[in-house]
Structures are given as C-alpha cells and as structure tokens.
Amino acid sequence: MRYIFHYPETSGTSGDFLDPGPLGDVARAAEKAGFDALSLTEHPVPGARWLENGGHQSLDPFVGLGYVAAVTERLRLLTHLSVAPYRNPFLLAKAAATVDKVSGGRFTLGIGTGYQKSEFYALGVDFEERNALFDEILDVLPLHWSGEPFSFKGLHFDARNVIAQPRPVQDPIPIWIGGNSKLSRRRVAARGQGWMAMGGGPELSTTARTVSIGSLADLGGMIREMRDTAAANGRTDLIDVSYSYSGVTSAEAVTTDVDRHREALAEIEKAGVTWTVISSRTRSAAETIAFVEAFGETFLT
C-alpha cells in the first residue's frame, strides 16, 4: 500500500489556508518522510455559511501542485478532488497536462461531479447538468491529451479541428474518480484508473451528496464489485483505490497505540485499498512537519 499526505485543511474564515505550514516545506518534508504523494482539494468560491459551519478553504490545486512539482523530485501530485464540471473541459485538460509536463509525469487527476450548489451558481454552471458535463469531460480529456487534431461538440461548446500540445508525459494521465455512488463506481470500472472512496459516515449523504460507506466490509464489497465490472468489460489493469484513515491526526497520536494503527491500516489494505490518505489537524508548520516526520518514522520506514 502507498500513502498520500493530504495538506491539512483550514476550516472557517478566521485563519489562512497555509497556517499549517508553507506548502513547499510541507511537501519536502512529506517526500523525505516516505510519503508517495501529496494532495490538494478544491473549492474556488465556497459559500460563507458553509465555511462558518465547518467547511474548508483551498488553494487552486493545479497552481499549488505545480509549485509542489518544482520543490520535490519523487512525490506524485493528486487533486483530491477537482470538481470537473466547474471548468470548460479543455481548460481542465490543459491544466492537468501542464502539471504533468512540468513535474515529469507525476500528476494524477482526481475529479468528481461536485455537490455545492452555491459554487455551481457562482460559477455559472447548471447544477442539474453536472453528470452530463462530467461524462462529456471523460470523453474530451483523452482527445485533448492525444496531441492529434480532433473535433467535438459538447453541451456548451463546439470544438472544430483543434489540437492541444504539448502532450502530457504520461499516456494517459491517470484519472481517479471520487464519489461512492454506483454511477461513480461504474465510471471508474469503464474509464478510470482509480476510485477515490469517500469515508465520513452517514453525514456524507447530506453534505457531499453521495452514498456513505458503513464499514470496511462494505468498502471491500464495493471494491470487488467495481473491479469485477472492470474485468467483465475486458480490462486487465489494476484499478487503484484510495481511502482515508483518520485514526491519527497529530504527532502524539501517531506514537500512541501504534499496534492498533498498524492493524487498522492492514485492514484497509485487506479491503482492497492501494493508496491510503493521511492528513492531520495541525495548525502550524512545526506541528505539521512533526506529524509528517512521526508518521514516516513509525509507518513508512
């Protein structure tokens, strides 16, 4: 199993997103500690009420991960996740290709359909069209990344004999799809390289508008079903699955009850997860780097 460090999210409006530490310093520390990837989330224009009630801030993940690419050598770079329907598909494809190019092929595009109506309204995107727009984007991305001329008429655009260069380094850039619904898992089985399963309990049904995962046994069943569907579609590649482990959120927690954490991580892997997402609730650079170093020394060496 491989590990992703998700940059700690700052909730509310009183603090700053980078309070947990300079992005470059945290990324370098994560790489040195043995993490395999770093991820950033996305909320371009969240509602003030949502932020005041526990919602989190964000950087632009493509700009942020482009910066991380410049200060690291090995870390993979993941959008966890980018809300694909917010963008024209060609702008999304170009942003992904750019990060992949400047990083030497280390980018993974994690995308979802989105759930915040206020952001859709603010961005001028029809919330009810989000699934149709998402499927359209899955059609467009490989065409854009091919480096060959193509034409495509979408719901709100008409691309006629266009070409996008330079091509990304990877062929293709891995696309990980987030969301727990059967539709999301069918999309992964048919067209994705990874599934970003979302933990969080029953509250997900009302906040993130997706199905909750009740247990690791439920998660394992979903993973098997998704991979079986992919195999029935003729796929032979291993589809990655990411899942968050929230049992450690501080350096002190990392070194407390280590055996229990090891067992929990082993159970996650046993369920079929290939990438575990780790984050913290730290609010200073010293706390965040101490957490990253402690997790690396305890579980990654």
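In the predicted model, the side chain of threonine 288 makes a polar contact with the side chain of threonine 282 at 2.6 Å, a polar contact being a pair of N or O atoms within 3.5 Å in which, within protein, one atom must be able to donate a hydrogen and the other to accept it, and residues adjacent in sequence count only if both atoms are side-chain atoms. The model is predicted, with local features needing pLDDT of at least 70 and side-chain atom pairs counting only at pLDDT 80 or more, while totals for chains, interfaces and linings use all residues. Residues are numbered from 1 along each chain as its sequence is written, and side-chain values use heavy atoms, with hydrogens and water left out.

Threonine 288 lies in helix α12 (residues 285-300), helices being DSSP runs of H or I with at least four residues and strands runs of E with at least two, numbered from the N terminus. Threonine 288 is buried, with a relative accessible area of 0%, where buried means under 20%, exposed over 50% and partly exposed in between (1.4 Å probe, protein chains only). Apart from neighbours within four places in sequence, threonine 288 is in contact (heavy atoms within 4.5 Å) with Phe5, Pro8, Pro20, Val26 and Thr282.

Of the five residues of strand β1 (residues 2-6), four are buried. Strand β1 pairs in the parallel sense with strand β2 (residues 37-40) over three bridges, pairing requiring at least two DSSP bridges, and phenylalanine 5 has leucine 38 in β2 as its bridge partner. Four bridges join β1 to the parallel strand β11 (residues 275-278), in which threonine 276 stands opposite tyrosine 3.
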